[in-house]
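Here is a short tour of some local features that may be handy when you set up this protein for calculations. Have the viewer open and follow along.

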Amino acid sequence: MSEVIWGLATSHVPSIGAAMDRGLTSDPVWAPLFEGYAPARTWLADKTPDVAILIYNDHANGIDLDIVPTFAIGTAERYRVADEGFGRRPVPDVVGAPDLSFHLLQHLMDEGFDLTVFQELDVDHGFTVPLSVWTPDPGDAWPCPVVPILVNVIQYPQPTAARCYALGKALGRAIASFDGARTVGILGTGGMSHQLAGARAGFINPDFDAMFLDAIENDPEKLAALTREDYIRQAGSEGIELIMWLVMRGAMNERVRKVHAAYHVPASNTAAGLALFDNRVAQHA
Ligand code: DHB
Ligand code: FE
């Protein structure tokens with residue numbers, strides 16, 4: 001038996017990683033964003049899990065746009081940091097957990113989620129920025145092995161929010177039935193509202209983001225009921241990345257406790273959000 005002990009949802013804006021890599025986190029422009037992360041990092045510091053699962057999307061860096069799997073999982077021993085055109089970020093490669101990957105793959109297949117399998121995968125800012133938000137100074141290695149689960153949010157039609165939430169529920173059952181780890185951290189990444197191109201470039205919707213930050217804790221079914229078009233209309237063409245938070249939430253208990261949340265506008269052209277949940281409230285109640 002393995003247990004999800006916490007869930008961390010965070011935006012993955014590439015300039016957040018660049019600000020860290022360049023030592024700009026105390027710069028007046030960046031300080032408010034990073035101050036918002038501090039309570040989450042402090043709480044997480046003594047809660048390193050045996051393994052983490054990171055729900056993310058690639059942005060045509062690790063995977064060619066000719067083949068875009070709707071859902072996929074990495075089964076590798078190691079994932080290299082992708083070169084997105086400016087050289088690789090100076091952060092460690094990611095150590096995988098193939099035994100957990102194969103367990104999740106089989107369990108999810110048996111539940112009707114036919115995931116594509118990556119035996120080799122370079123991970124881009126969608127993966128490394130959330131790891132940096134969790135662990136700003138990883139040194140030579142991230143705190144634990146990490147299994148990547150990929151969701152297509154970049155090419156229409158993206159999976160529905162309901163399907164992502166259902167995947168999360170199945171993932172939760174798959175984790176619970178895994179004997180190889182005691183504790184698991186789960187990361188849901190991307191968002192919040194943003195649109196990077198087109199007539200609405202720069203679009204941000206703080207009202208939608210506030211609703212989402214509240215409902216992801218207390219009423220995820222409401223978020224799962226929104227259509228992909230609702231997400232694109234209300235959160236922007238890239239704001240639909242938020243459906244990945246629902247995979248994380250689905251894998252957690254019905255009742256969770258929000259440890260900390262932060263919201264900052266803008267990071268780059270994007271509304272950046274963070275939400276940290278303790279999954280062991282029932283136990284501690
Ligand atoms: C930005 C946001 C993203 O989600 C992304 O994938 C790339 C860039 C941005 O705000 O700059
Ligand atoms: Fe993105």
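The notes below go through the model, its backbone and a few of its side chains.

## About the model

This is a predicted model, in which local features need pLDDT of at least 70, side-chain atom pairs count only at pLDDT 80 or more, and totals for chains, interfaces and linings use all residues. Residues are numbered from 1 along each chain as its sequence is written, chains are lettered from A and ligands numbered from 1 in the order in which they are written, and side-chain values use heavy atoms, with hydrogens and water left out.

## Cis peptide bonds

Let's begin with omega. The bond that leads from G191 to M192 is cis, its omega being near 0°. M192 sits in the loop that runs between β9 (183–189) and α6; helices (H or I, at least four residues) and strands (E, at least two) are DSSP runs, numbered from the N terminus.

V265 and P266 are also joined by a cis peptide bond, with omega about -15°. P266 belongs to strand β10, which covers residues 257–267.

## Positive phi angles

A60 is not a glycine, yet its phi is positive, at about 60°. You will find A60 in the loop between β2 (51–56) and β3 (71–74). With a relative accessible area of 36%, A60 is partly exposed, a class between buried (under 20% relative accessible area) and exposed (over 50%), using a 1.4 Å probe and protein chains only.

S268, not a glycine either, has a positive phi of about 60°. Its loop links β10 and β11 (270–278), and S268 is partly exposed at a relative accessible area of 47%.

## A buried glutamine

Is Q158 buried or exposed? Q158 counts as buried, because its relative accessibility is 5%. Q158 is placed in the loop between β8 (146–151) and α5 (161–176). The side chain of Q158 comes to 3.4 Å from the backbone oxygen of V153.

## A negative surface patch

D214, D219, E221 and E254 form a negative surface patch. Patch members have over 30% relative accessible area and no salt bridge, with like charges joined within 9 Å; a salt bridge is a side-chain nitrogen of Lys or Arg within 4 Å of a carboxyl oxygen of Asp or Glu.

D219 is partly exposed, its relative accessible area being 33%.

Technical notes
Patch = residues over 30% accessible without salt bridge, like charges linked within 9 Å, V, L, I, M, F, W, Y side chains within 5 Å. Areas by Shrake-Rupley, 256 points an atom, 1.4 Å probe, with all protein chains shown as cover. Lys, Arg positive; Asp, Glu negative; His and termini not counted. Charge placed at Lys NZ, Arg CZ, Asp CG, Glu CD. Polar contact = N/O pair within 3.5 Å; in protein donor to acceptor, adjacent residues only side chain to side chain.
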